[in-house]
Amino acid sequence: MDRRSFLAAGASGVAAATFAPRLAFAAAATDRRFLFVIQRGAADGLAILAPTGDPGYASLRPQLGAEAATGSRVDAMFTLHPALRQVAAMTAARQALLVHAVASPYRDRSHFDGQNVLETGGALPYRMQDGWMNRLIRTMPDNPQAIAFAPAVPPALRGSARVASYAPSNLPDAGEDLMIRVGDLYANDAQLGPLWNEALMARTKAGNLADGRGAAAAGALAARMMKGPGGARIGMVETDGWDTHTAQRGRLNSQLTGLDAMLAAYRDGLGEDWKNTLVLVATEFGRTAHENGTGGTDHGTASTAFLLGGAVAGGKVLADWPGLAPASLYEARDLKPTLNLDALIASALGQHFGQDPARMAQLLFPDTNSAPLKQSLVTG
(Lines give C-alpha, C1' and ligand atoms only; values in the text may rest on other atoms or scores of the structure.)
Protein backbone atom coordinates (compact mmCIF):
# COMPACT_ATOMS: atom_id res chain seq x y z
CA MET A 1 0.00 0.00 0.00
CA ASP A 2 1.27 3.48 -0.74
CA ARG A 3 1.61 6.48 1.53
CA ARG A 4 -2.06 7.42 1.19
CA SER A 5 -2.94 4.27 3.04
CA PHE A 6 -3.06 3.91 6.78
CA LEU A 7 -1.96 0.32 6.36
CA ALA A 8 1.38 1.56 5.05
CA ALA A 9 4.57 1.45 6.95
CA GLY A 10 6.76 4.49 7.35
CA ALA A 11 5.01 7.17 9.31
CA SER A 12 7.57 9.36 11.02
CA GLY A 13 6.60 12.95 11.63
CA VAL A 14 3.29 14.60 11.77
CA ALA A 15 2.89 17.43 9.34
CA ALA A 16 0.40 16.65 6.62
CA ALA A 17 -2.43 19.11 6.17
CA THR A 18 -0.80 21.48 8.66
CA PHE A 19 -3.37 24.14 8.03
CA ALA A 20 -6.40 21.83 7.84
CA PRO A 21 -9.38 23.64 9.38
CA ARG A 22 -10.65 23.03 12.89
CA LEU A 23 -8.41 20.16 13.93
CA ALA A 24 -8.88 21.20 17.57
CA PHE A 25 -12.36 19.80 17.88
CA ALA A 26 -15.11 21.18 20.08
CA ALA A 27 -17.44 18.93 22.04
CA ALA A 28 -19.97 17.30 19.71
CA ALA A 29 -23.75 17.13 20.04
CA THR A 30 -23.72 13.33 19.69
CA ASP A 31 -21.70 10.54 21.27
CA ARG A 32 -22.13 8.40 18.14
CA ARG A 33 -19.17 7.99 15.83
CA PHE A 34 -18.78 6.75 12.26
CA LEU A 35 -15.63 5.66 10.43
CA PHE A 36 -15.52 4.65 6.76
CA VAL A 37 -12.58 2.49 5.65
CA ILE A 38 -12.39 2.35 1.87
CA GLN A 39 -10.59 -0.52 0.16
CA ARG A 40 -9.30 1.00 -3.08
CA GLY A 41 -8.56 -1.49 -5.83
CA ALA A 42 -11.54 -3.88 -5.68
CA ALA A 43 -11.15 -6.24 -2.74
CA ASP A 44 -11.94 -9.91 -3.36
CA GLY A 45 -15.03 -10.64 -1.28
CA LEU A 46 -15.00 -14.30 -2.31
CA ALA A 47 -11.64 -14.69 -0.52
CA ILE A 48 -12.35 -12.33 2.37
CA LEU A 49 -15.57 -14.13 3.29
CA ALA A 50 -15.35 -17.41 1.40
CA PRO A 51 -18.64 -19.20 0.56
CA THR A 52 -17.18 -22.58 1.48
CA GLY A 53 -20.64 -24.09 1.76
CA ASP A 54 -21.43 -23.35 -1.90
CA PRO A 55 -20.75 -26.43 -4.06
CA GLY A 56 -19.40 -24.26 -6.87
CA TYR A 57 -16.70 -22.54 -4.85
CA ALA A 58 -14.01 -25.20 -4.90
CA SER A 59 -14.13 -25.62 -8.67
CA LEU A 60 -13.94 -21.85 -9.25
CA ARG A 61 -11.06 -21.39 -6.81
CA PRO A 62 -8.99 -24.61 -6.88
CA GLN A 63 -5.82 -22.80 -5.72
CA LEU A 64 -7.00 -19.64 -3.99
CA GLY A 65 -9.89 -21.33 -2.23
CA ALA A 66 -7.64 -23.69 -0.30
CA GLU A 67 -6.70 -20.94 2.16
CA ALA A 68 -10.23 -20.91 3.58
CA ALA A 69 -9.52 -24.28 5.23
CA THR A 70 -7.71 -22.46 8.05
CA GLY A 71 -10.18 -19.60 8.34
CA SER A 72 -12.87 -18.90 10.93
CA ARG A 73 -16.19 -20.55 10.15
CA VAL A 74 -19.03 -18.07 10.63
CA ASP A 75 -21.90 -20.37 9.67
CA ALA A 76 -22.62 -23.32 7.41
CA MET A 77 -22.01 -21.23 4.29
CA PHE A 78 -19.28 -18.68 5.05
CA THR A 79 -15.71 -18.72 6.36
CA LEU A 80 -13.65 -15.64 7.20
CA HIS A 81 -10.14 -15.37 5.79
CA PRO A 82 -7.57 -16.67 8.32
CA ALA A 83 -5.82 -13.28 8.46
CA LEU A 84 -8.95 -11.67 9.93
CA ARG A 85 -8.54 -12.99 13.47
CA GLN A 86 -9.68 -9.83 15.21
CA VAL A 87 -12.66 -9.44 12.89
CA ALA A 88 -13.56 -13.05 13.72
CA ALA A 89 -13.37 -12.17 17.42
CA MET A 90 -15.61 -9.15 16.85
CA THR A 91 -18.06 -11.37 14.99
CA ALA A 92 -18.11 -13.83 17.88
CA ALA A 93 -18.74 -10.89 20.24
CA ARG A 94 -21.61 -9.73 17.98
CA GLN A 95 -19.74 -6.56 17.10
CA ALA A 96 -19.32 -7.32 13.39
CA LEU A 97 -21.96 -7.80 10.73
CA LEU A 98 -20.50 -9.34 7.57
CA VAL A 99 -22.34 -8.47 4.36
CA HIS A 100 -21.96 -10.41 1.12
CA ALA A 101 -23.04 -10.15 -2.53
CA VAL A 102 -23.23 -6.36 -2.12
CA ALA A 103 -22.42 -3.69 -4.70
CA SER A 104 -22.91 -0.04 -5.55
CA PRO A 105 -24.99 0.81 -8.65
CA TYR A 106 -21.78 0.77 -10.76
CA ARG A 107 -21.26 -2.17 -13.16
CA ASP A 108 -18.46 -1.31 -15.62
CA ARG A 109 -15.33 -2.43 -13.66
CA SER A 110 -13.17 0.72 -13.89
CA HIS A 111 -11.42 1.55 -10.62
CA PHE A 112 -11.64 5.31 -11.07
CA ASP A 113 -15.28 5.34 -12.09
CA GLY A 114 -16.24 2.73 -9.52
CA GLN A 115 -14.59 4.63 -6.68
CA ASN A 116 -16.28 7.83 -7.80
CA VAL A 117 -19.70 6.16 -7.64
CA LEU A 118 -18.88 4.61 -4.28
CA GLU A 119 -17.75 7.91 -2.77
CA THR A 120 -20.19 10.37 -4.31
CA GLY A 121 -23.23 8.12 -4.14
CA GLY A 122 -24.28 8.84 -7.71
CA ALA A 123 -25.99 6.44 -10.05
CA LEU A 124 -23.27 7.13 -12.65
CA PRO A 125 -19.65 8.26 -12.42
CA TYR A 126 -19.03 12.00 -11.93
CA ARG A 127 -22.73 12.78 -11.78
CA MET A 128 -22.56 14.08 -8.20
CA GLN A 129 -20.13 16.82 -7.24
CA ASP A 130 -19.99 16.24 -3.49
CA GLY A 131 -19.58 13.11 -1.40
CA TRP A 132 -22.23 11.23 0.57
CA MET A 133 -20.20 11.61 3.79
CA ASN A 134 -20.21 15.37 3.40
CA ARG A 135 -23.97 15.21 2.89
CA LEU A 136 -24.16 13.10 6.07
CA ILE A 137 -22.43 15.85 8.04
CA ARG A 138 -25.00 18.36 6.79
CA THR A 139 -27.91 16.20 7.98
CA MET A 140 -26.67 16.18 11.57
CA PRO A 141 -27.14 18.78 14.32
CA ASP A 142 -24.34 21.32 14.56
CA ASN A 143 -22.44 19.81 11.61
CA PRO A 144 -20.18 17.53 13.69
CA GLN A 145 -16.45 17.58 13.15
CA ALA A 146 -15.16 15.29 10.41
CA ILE A 147 -11.63 14.21 9.55
CA ALA A 148 -9.99 12.32 6.71
CA PHE A 149 -6.96 10.29 7.76
CA ALA A 150 -5.28 11.05 4.46
CA PRO A 151 -3.04 13.77 2.99
CA ALA A 152 -6.04 15.27 1.17
CA VAL A 153 -9.80 15.11 1.64
CA PRO A 154 -11.16 12.15 -0.36
CA PRO A 155 -14.19 12.57 -2.67
CA ALA A 156 -16.55 10.95 -0.14
CA LEU A 157 -15.95 13.85 2.27
CA ARG A 158 -15.81 16.72 -0.22
CA GLY A 159 -18.56 19.30 -0.20
CA SER A 160 -19.79 22.44 1.55
CA ALA A 161 -19.36 21.11 5.11
CA ARG A 162 -15.89 21.73 6.49
CA VAL A 163 -13.63 18.69 6.80
CA ALA A 164 -10.09 18.39 8.12
CA SER A 165 -7.43 16.02 6.82
CA TYR A 166 -4.56 14.63 8.83
CA ALA A 167 -1.89 12.08 8.01
CA PRO A 168 1.57 11.13 9.23
CA SER A 169 4.46 12.32 7.11
CA ASN A 170 7.53 10.51 5.83
CA LEU A 171 9.59 13.62 6.50
CA PRO A 172 11.76 13.96 9.62
CA ASP A 173 10.18 15.57 12.66
CA ALA A 174 10.46 19.32 12.93
CA GLY A 175 12.53 20.40 15.93
CA GLU A 176 11.03 22.38 18.77
CA ASP A 177 13.12 25.41 17.87
CA LEU A 178 11.67 25.46 14.36
CA MET A 179 8.13 25.08 15.72
CA ILE A 180 8.66 28.01 18.07
CA ARG A 181 10.10 30.18 15.29
CA VAL A 182 7.19 29.43 12.96
CA GLY A 183 4.75 30.15 15.79
CA ASP A 184 6.42 33.53 16.36
CA LEU A 185 6.25 34.25 12.63
CA TYR A 186 2.48 33.62 12.54
CA ALA A 187 1.66 35.06 15.95
CA ASN A 188 0.30 38.36 14.64
CA ASP A 189 -1.32 36.95 11.50
CA ALA A 190 -5.11 37.01 11.97
CA GLN A 191 -5.65 34.06 9.60
CA LEU A 192 -2.55 31.88 9.88
CA GLY A 193 -1.99 32.38 13.60
CA PRO A 194 -5.17 30.62 14.78
CA LEU A 195 -4.75 27.89 12.16
CA TRP A 196 -1.19 27.25 13.30
CA ASN A 197 -2.34 26.98 16.91
CA GLU A 198 -5.07 24.53 15.92
CA ALA A 199 -2.55 22.43 14.01
CA LEU A 200 -0.27 22.34 17.07
CA MET A 201 -3.18 21.23 19.24
CA ALA A 202 -3.95 18.45 16.79
CA ARG A 203 -0.26 17.46 16.79
CA THR A 204 -0.36 17.26 20.58
CA LYS A 205 -3.54 15.21 20.48
CA ALA A 206 -1.97 12.76 18.02
CA GLY A 207 1.07 12.44 20.27
CA ASN A 208 3.70 9.78 19.70
CA LEU A 209 1.24 7.57 17.82
CA ALA A 210 1.90 9.67 14.75
CA ASP A 211 5.47 8.40 14.82
CA GLY A 212 4.42 4.75 14.82
CA ARG A 213 4.70 2.37 11.91
CA GLY A 214 2.20 0.08 10.35
CA ALA A 215 -1.47 -0.64 10.66
CA ALA A 216 -1.82 -0.83 14.43
CA ALA A 217 -0.26 2.61 14.92
CA ALA A 218 -2.59 4.01 12.28
CA GLY A 219 -5.69 2.58 13.94
CA ALA A 220 -4.56 3.89 17.30
CA LEU A 221 -3.97 7.33 15.80
CA ALA A 222 -7.46 7.39 14.28
CA ALA A 223 -8.96 6.39 17.62
CA ARG A 224 -7.04 9.08 19.45
CA MET A 225 -8.35 11.73 17.07
CA MET A 226 -11.94 10.51 17.41
CA LYS A 227 -12.29 9.59 21.10
CA GLY A 228 -13.66 11.62 23.97
CA PRO A 229 -15.93 14.66 24.05
CA GLY A 230 -13.62 16.65 21.79
CA GLY A 231 -12.97 13.91 19.23
CA ALA A 232 -14.22 13.98 15.65
CA ARG A 233 -17.49 12.16 15.07
CA ILE A 234 -17.04 11.36 11.36
CA GLY A 235 -13.85 9.90 9.92
CA MET A 236 -12.47 8.17 6.83
CA VAL A 237 -9.40 6.03 6.24
CA GLU A 238 -8.08 5.23 2.76
CA THR A 239 -6.42 1.88 2.11
CA ASP A 240 -4.89 0.88 -1.22
CA GLY A 241 -3.44 -2.24 -2.76
CA TRP A 242 -6.52 -4.45 -3.14
CA ASP A 243 -6.12 -4.98 -6.90
CA THR A 244 -4.84 -8.57 -6.89
CA HIS A 245 -4.50 -9.67 -10.53
CA THR A 246 -1.41 -11.72 -9.68
CA ALA A 247 0.00 -13.57 -6.66
CA GLN A 248 -3.19 -12.87 -4.77
CA ARG A 249 -2.72 -15.34 -1.95
CA GLY A 250 0.29 -13.67 -0.34
CA ARG A 251 -0.71 -10.14 -1.22
CA LEU A 252 -4.25 -10.45 0.09
CA ASN A 253 -3.01 -12.10 3.27
CA SER A 254 -0.75 -9.09 3.88
CA GLN A 255 -3.54 -6.64 3.12
CA LEU A 256 -6.00 -8.35 5.44
CA THR A 257 -3.46 -8.73 8.23
CA GLY A 258 -2.95 -4.97 8.14
CA LEU A 259 -6.65 -4.21 7.97
CA ASP A 260 -7.33 -6.54 10.90
CA ALA A 261 -4.62 -4.91 13.02
CA MET A 262 -5.84 -1.42 12.21
CA LEU A 263 -9.45 -2.22 13.12
CA ALA A 264 -8.40 -3.87 16.39
CA ALA A 265 -6.20 -0.92 17.35
CA TYR A 266 -9.00 1.50 16.53
CA ARG A 267 -11.40 -0.51 18.72
CA ASP A 268 -8.96 -0.73 21.60
CA GLY A 269 -7.96 2.92 21.33
CA LEU A 270 -11.55 4.16 21.54
CA GLY A 271 -12.14 2.39 24.84
CA GLU A 272 -15.65 3.13 26.10
CA ASP A 273 -16.44 5.11 22.96
CA TRP A 274 -16.36 1.87 20.93
CA LYS A 275 -19.88 1.10 22.21
CA ASN A 276 -21.16 4.14 20.30
CA THR A 277 -19.16 3.54 17.12
CA LEU A 278 -20.05 2.24 13.66
CA VAL A 279 -17.31 1.30 11.17
CA LEU A 280 -18.01 0.58 7.51
CA VAL A 281 -15.44 -1.28 5.39
CA ALA A 282 -16.28 -1.34 1.67
CA THR A 283 -14.71 -1.47 -1.81
CA GLU A 284 -15.68 -0.17 -5.27
CA PHE A 285 -16.50 -3.62 -6.70
CA GLY A 286 -15.47 -7.25 -6.30
CA ARG A 287 -13.46 -9.68 -8.38
CA THR A 288 -14.16 -12.52 -10.78
CA ALA A 289 -15.58 -15.74 -9.38
CA HIS A 290 -12.99 -17.84 -11.20
CA GLU A 291 -9.31 -17.44 -10.37
CA ASN A 292 -7.12 -16.49 -13.33
CA GLY A 293 -3.95 -18.10 -14.66
CA THR A 294 -1.53 -15.87 -12.73
CA GLY A 295 -2.61 -16.75 -9.23
CA GLY A 296 -5.05 -13.89 -8.94
CA THR A 297 -8.48 -12.61 -9.93
CA ASP A 298 -9.73 -9.90 -12.25
CA HIS A 299 -12.23 -7.07 -11.94
CA GLY A 300 -15.69 -8.27 -10.97
CA THR A 301 -18.95 -6.97 -9.53
CA ALA A 302 -20.31 -7.92 -6.10
CA SER A 303 -18.08 -8.15 -3.03
CA THR A 304 -18.25 -7.93 0.74
CA ALA A 305 -18.77 -5.06 3.18
CA PHE A 306 -18.32 -5.07 6.94
CA LEU A 307 -20.22 -3.18 9.63
CA LEU A 308 -18.25 -3.21 12.88
CA GLY A 309 -18.47 -1.56 16.27
CA GLY A 310 -20.01 -1.78 19.67
CA ALA A 311 -23.18 -0.31 18.20
CA VAL A 312 -23.57 -3.04 15.55
CA ALA A 313 -26.18 -5.82 15.68
CA GLY A 314 -23.58 -8.33 14.57
CA GLY A 315 -22.52 -11.92 14.94
CA LYS A 316 -23.71 -13.12 11.55
CA VAL A 317 -23.61 -12.80 7.79
CA LEU A 318 -26.19 -10.69 5.99
CA ALA A 319 -26.63 -12.03 2.46
CA ASP A 320 -29.24 -12.97 -0.10
CA TRP A 321 -26.84 -15.51 -1.53
CA PRO A 322 -27.18 -15.85 -5.34
CA GLY A 323 -25.03 -18.98 -5.66
CA LEU A 324 -21.97 -19.70 -7.78
CA ALA A 325 -23.47 -22.06 -10.35
CA PRO A 326 -22.63 -20.95 -13.93
CA ALA A 327 -26.20 -19.80 -14.55
CA SER A 328 -26.17 -17.74 -11.35
CA LEU A 329 -23.09 -15.65 -12.13
CA TYR A 330 -23.43 -12.06 -13.27
CA GLU A 331 -22.51 -11.88 -16.97
CA ALA A 332 -21.30 -15.49 -16.63
CA ARG A 333 -18.20 -14.38 -14.66
CA ASP A 334 -18.91 -12.48 -11.43
CA LEU A 335 -20.71 -12.89 -8.14
CA LYS A 336 -24.16 -11.45 -8.74
CA PRO A 337 -25.06 -8.43 -6.57
CA THR A 338 -28.22 -8.99 -4.56
CA LEU A 339 -27.86 -6.20 -2.00
CA ASN A 340 -27.51 -2.48 -2.73
CA LEU A 341 -24.56 -0.88 -0.95
CA ASP A 342 -26.25 2.53 -0.91
CA ALA A 343 -29.25 1.00 0.89
CA LEU A 344 -26.96 -0.70 3.39
CA ILE A 345 -25.12 2.54 4.15
CA ALA A 346 -28.26 4.67 4.47
CA SER A 347 -30.01 2.08 6.64
CA ALA A 348 -27.04 1.62 8.97
CA LEU A 349 -26.41 5.36 9.35
CA GLY A 350 -30.09 6.14 9.84
CA GLN A 351 -30.34 3.57 12.61
CA HIS A 352 -27.00 4.60 14.12
CA PHE A 353 -27.73 8.33 14.31
CA GLY A 354 -31.42 7.97 15.16
CA GLN A 355 -32.76 9.25 11.85
CA ASP A 356 -35.33 7.77 9.50
CA PRO A 357 -33.42 5.42 7.15
CA ALA A 358 -35.72 6.28 4.23
CA ARG A 359 -35.05 9.97 4.73
CA MET A 360 -31.35 9.22 5.11
CA ALA A 361 -31.37 7.43 1.76
CA GLN A 362 -32.97 10.47 0.12
CA LEU A 363 -30.41 12.83 1.61
CA LEU A 364 -27.27 10.78 1.08
CA PHE A 365 -28.13 9.10 -2.21
CA PRO A 366 -30.61 11.38 -4.02
CA ASP A 367 -29.48 10.02 -7.39
CA THR A 368 -30.49 6.45 -6.51
CA ASN A 369 -32.81 6.84 -3.48
CA SER A 370 -32.64 3.15 -2.67
CA ALA A 371 -35.26 1.65 -0.38
CA PRO A 372 -33.81 1.09 3.11
CA LEU A 373 -33.25 -2.41 4.44
CA LYS A 374 -35.73 -3.91 6.88
CA GLN A 375 -33.10 -5.63 9.01
CA SER A 376 -31.84 -4.23 12.29
CA LEU A 377 -28.21 -3.34 11.63
CA VAL A 378 -27.39 -1.20 14.65
CA THR A 379 -28.40 -1.48 18.28
CA GLY A 380 -30.25 1.35 19.96
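Which residues of strand β6 are buried on one side, and which on the other?

Guide: A word first: this is a predicted model. Strand β6 spans residues 146-149, and both of its faces are covered. Ala146 and Ala148 lie on one side. Ile147 and Phe149 lie on the other. All four are buried.

Now the partners of β6. Strands of a sheet pair through backbone hydrogen bonds, in a parallel or an antiparallel sense. Strand β8, residues 234-239, runs parallel to β6, and four bridges join the two. Strand β7, residues 164-165, also pairs with β6 in the parallel sense, over two bridges. In β7, Ala148 stands opposite Ser165.

Elsewhere, the pairing is antiparallel in an open sheet of three strands, ordered β2-β4-β3. The edge strands are β2 (49-50) and β3 (72-73), each of which pairs on one side only. Two bridges connect β2 with β4, residues 79-80. Within that pair, Ala50 has Thr79 as its bridge partner.

Helix α9, residues 248-270, gives the most to its lining, with three residues. By class, the lining has seven nonpolar, two polar and two charged residues.

The second largest cavity has a volume of about 60 Å³. Its lining counts 13 residues; Val102, Thr283, Ser303, Thr304 and Leu341 lie nearest the centre. Strands β5 (96-103), β9 (277-283) and β10 (303-308) supply at least two lining residues each. The largest share, three residues, comes from β10. Six of the lining residues are nonpolar, six polar and one charged. In total, the structure holds three cavities of 30 Å³ or more.

One last stop is a loop residue. Asp334 sits between β11 (316-318) and β12 (339-340). Asp334 counts as buried because its relative accessibility is 0%, and the cut-off for buried is under 20%. Its side chain makes a polar contact of 2.7 Å with the side chain of Arg109. Beyond its neighbours within four places in sequence, Asp334 is in contact with residues including Arg109, Thr288, His299 and Leu329.

Note on methods. Residues numbered from 1 in each chain as written. Predicted model: local features only at pLDDT ≥ 70, side-chain atom pairs only at ≥ 80, totals over all residues. Heavy atoms only, no water. Buried < 20%, exposed > 50% of the residue type's maximum accessible area, 1.4 Å probe, protein only. Polar contact = N/O pair within 3.5 Å; in protein donor to acceptor, adjacent residues only side chain to side chain. Contact = heavy atoms within 4.5 Å. Pairing = 2+ DSSP bridges. 1 Å grid on protein atoms, 1.4 Å probe; cavity = no way out; pocket = protein on both sides within 12 Å on 5 of 7 lines; lining within 4 Å. Points joined across faces, edges and corners; volume = space filled by probe spheres on them. Nonpolar A, V, L, I, M, F, W, Y, C, P; charged D, E, K, R; others polar.
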